[in-house]
Amino acid sequence: MTPHTASRRPFRWRPDQQWEGYLFILPSFLGFLIFIVLAVVMSLGISFSEWGLTGFKGFAGLTNYQQLMRDPVFWQAFWNTAFYIVTIVPLQLALGLIMAVGLNQAIRGVTIYRLIYFMPVVTTIVAGAIVFRLLLATNGPVNSLLASIYGVAGIPFSAPNWLGSSDFSKWSVVILTLWKNTGFTMVVYLAALQGVPKELYDAAHTDGASAWQRFRHVTLPLISPTTFFLFIFQMIGAFQLFSEPFVMTRGGPANSSLSVVQYIYLAAFRDIRMDKAAAMAWVLFVFIFAFTLFQNWTQKRWVHYESD
Amino acid sequence: MTAMTGSPTRMSAPARLGLHALLIFFSTIMLAPFGVMLVVSLIPNSAFLARDFSPANFSLNNYWRTFEVVPFSRYYFNSIVVSVSVTTLQILISSLAAFAFARLRFRGREAIFLFYLATLMIPFPVTLIPNFLIIKNLGWYDTYPALIVPGLFSVFSTFLLRQYYRGIPLDFDEAARMDGASSLRIWWQIIMPLSGPVLATLAIFVFQGVWNDFLWPLVVTTSEQMRTIPVGLAAFVGQYATAWDLLMAGSVIALLPVLVIYVIGQKWFVQGIALSGIGGR
């Protein structure tokens with residue numbers, strides 16, 4: 001996949017390829033101009049306007065952003081999303097890595113295990129959310145299972161209301177997301193593990209390194225670029241969580257599981273406040289951008305590239 | 001793809017057993033929701049609530065009833081139309097542009113491509129509202145073009161194909177040009193056939209994403225006739241919140257095609273993920 005042979009020869013513009021080049025990119029470029037460039041410009045414009053049911057009503061300066069900062073529901077959605085990020089991202093990386101290391105051994109059945117772990121990834125999230133509504137219902141299978149485990153251990157059990165209490169609703173979303181996405185992390189990690197040269201393990205083994213030491217000092221540093229990629233990728237995904245709370249908990253109870261993108265959707269299409277929703281989307285973008293830059297800056301400390 | 005590369009020592013028998021136990025434990029967690037879905041879809045709601053799983057209760061009745069109360073066949077039809085058109089057209093449009101970016105020489109090529117790349121960072125919620133307004137103004141609200149057209153332009157697909165096309169030697173093009181072939185012909189008869197695997201991988205990747213997409217079809221459709229499967233399913237939950245038998249049958253119906261494609265084309269899916277990893281770096 002690497003670009004090698006193509007751009008070797010001397011570069012000169014050919015008149016016959018000039019117009020052909022434009023023709024070839026034309027369909028793509030038109031769509032790009034309308035649905036990406038125009039959309040971004042419009043979105044920024046709307047966020048600084050008063051925009052209601054009938055469309056543009058006048059410039060509003062920073063009013064939408066100021067309203068947002070004073071809106072307790074926005075802050076609730078903001079902290080819920082922060083909760084999703086700090087739980088989902090590390091748990092998913094850890095579980096995905098454990099699965100990948102387990103599958104990177106000389107055992108039978110690797111293909112089958114991988115097939116199973118990846119199955120939720122291709123599943124329609126709406127269907128996944130519906131099943132978890134059933135699994136996590138107060139009288140559902142998960143609570144039945146927990147009750148019997150507690151029963152065997154002789155501990156009194158009070159069934160948690162996973163979906164209907166503000167203590168558990170966010171965790172329900174986390175559980176669904178982990179089930180859905182960990183297989184993705186596993187596959188990417190597995191590909192990275194398979195790229196670690198065997199000689200390095202042999203050398204470490206000869207030097208008397210234990211399995212844990214080999215993992216800690218050979219494997220982890222060598223796959224750190226993958227960890228970095230997954231970290232950023234999953235973080236951006238968690239910032240934009242929508243379907244999971246939308247279908248499973250409707251953001252409730254009392255907004256306890258409402259995500260920012262879900263609130264953007266509700267502001268735009270339930271409250272018909274396109275202006276406020278657009279402002280929220282830009283706040284989200286700024287946060288994603290800032291966090292990505294920050295991670296990119298800290299990566300020097302823990303990501304090892306082979307050329308170093 | 002063998003799994004042996006990273007592990008120098010063969011494991012002892014007890015260690016292997018322990019590992020299998022762990023991997024089977026994970027498998028159970030991953031599979032259990034599918035199992036519950038299937039079982040509950042085959043028995044009446046009352047039997048599920050009473051945890052009565054006697055064989056006499058099992059039947060396909062829920063499936064027939066689901067098709068009666070919800071126009072699932074219409075949802076299916078819509079999902080197929082949208083997924084197939086977006087996948088085919090997006091790949092053709094991206095491939096044409098990628099061919100130009102990789103193999104034709106024209107003024108502004110690098111600048112335009114950099115402009116494309118710069119927009120990769122923009123999250124979907126930013127363009128959601130203006131695109132909804134654009135669709136409304138075009139008079140496309142609640143129609144197939146609303147579901148299809150915005151999905152045809154993908155910077156990511158263009159980027160991925162351009163990277164691949166850059167790796168194919170330019171001598172092919174030169175030789176064909178000597179024989180009088182046009183650029184269009186070089187693209188269609190030389191470059192496209194040479195990129196079979198990457199196209200297949202990309203196609204599965206795009207198809208799966210469009211089939212499962214929820215937010216966009218939710219926003220641009222309102223009538224029952226225009227719903228795709230995920231939107232139809234979500235509306236179904238709104239109407240029949242605890243009719244588990246019907247909901248599970250509906251979920252199985254929604255999942256079946258994509259799971260079948262996945263099991264058959266597993267290799268391509270996994271490669272697709274590896275590709276997305278490369279794209280992400």
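**Terms and values in a predicted model**

Me: How do you know that the span of helix α6 (residues 141–153) of chain A agrees with what it should be?

Reply: At 1.5 Å a residue, the 13 residues of this helix should span 18 Å (the expected span is 1.5 Å times one less than the number of residues). The end C-alpha atoms of α6(A) are 18 Å apart, so the two values agree. A helix here is a DSSP run of H or I of at least four residues and a strand a run of E of at least two, both numbered from the N terminus. The model is predicted, with local features needing pLDDT of at least 70 and side-chain atom pairs counting only at pLDDT 80 or more, while totals for chains, interfaces and linings use all residues. Residues are numbered from 1 along each chain as its sequence is written, chains are lettered from A and ligands numbered from 1 in the order in which they are written.

Me: Why is α6(A) called hardly covered?

Reply: The count of buried residues among the 13 residues of α6(A) is one. A residue is buried if 20 or more other C-beta atoms, placed from the backbone, lie within 10 Å of its own, exposed if 12 or fewer do, and partly exposed in between. Just after this helix, Gly154(A) takes a positive phi of about 75 degrees.

Me: What makes Phe157(A) count as partly exposed?

Reply: Phe157(A) has 13 C-beta neighbours inside 10 Å, so it counts as partly exposed. Its place is in the loop between α6 and α7 (169–194) of chain A. Leaving aside residues up to four places away in sequence, Phe157(A) touches Leu146(A), Ala147(A), Tyr150(A) and Gly151(A); a contact means C-beta atoms, placed from the backbone, within 7 Å. Phe157(A) and Val126(A) are 31 residues apart in sequence and 31 Å apart in space, C-alpha to C-alpha.

Me: How many helices and strands does chain A have, and what makes it more spread out than a compact globule?

Reply: Chain A has 13 helices and two strands. Its radius of gyration is 25 Å, well over the 19 Å that the globule rule gives for 308 residues, so chain A is more spread out than a compact globule. The radius is taken over C-alpha atoms, and the rule is 2.2 Å times the number of residues to the power 0.38. Of the 308 residues, 41% count as buried.

Me: What radius of gyration does chain B have, against that of a compact globule of 281 residues?

Reply: Chain B has 24 Å, whereas such a globule would have a radius near 19 Å. Chain B has 15 helices and zero strands, and buried residues make up 44% of its 281 residues.

Me: Why is Arg51(B) called exposed, and what of Asp142(B)?

Reply: Arg51(B) counts as exposed because it has 9 C-beta neighbours inside 10 Å. Asp142(B) is partly exposed, with 15 other C-beta atoms within 10 Å. Most residues other than glycine have a negative phi. Arg51(B), however, has a positive phi of about 50 degrees, and phi of Asp142(B) is near 65 degrees. Arg51(B) lies in the loop between α2 (45–49) and α3 (61–69) of chain B, and Asp142(B) in the loop between α6 (124–137) and α7 (144–148) of chain B.

Me: What makes helix α13 (residues 229–239) of chain B mostly covered?

Reply: Eight of the 11 residues of α13(B) are buried, among them Ile229(B), Leu233(B) and Phe236(B). The buried residues of α13(B) pack against helices of both chains, including α5 (125–135) of chain A and α4 (72–103) of chain B.

Me: How many residues of chain A are in contact with chain B?

Reply: On each side, 86 residues take part in the contact between chain A and chain B. Helix α1 (residues 15–47) of chain A gives the largest share of the chain A side, 19 residues. That side has 63 nonpolar, 18 polar and five charged residues. Ala, Val, Leu, Ile, Met, Phe, Trp, Tyr, Cys and Pro count as nonpolar, Asp, Glu, Lys and Arg as charged, and the others, Gly among them, as polar.

Me: Which residues meet where α4(A) touches α1(B)?

Reply: Among them are Tyr113(A) and Ile116(A) on one helix and Leu23(B) and Phe26(B) on the other.

Definitions and conventions
Two residues are in contact if their C-beta atoms, placed from the backbone, lie within 7 Å.
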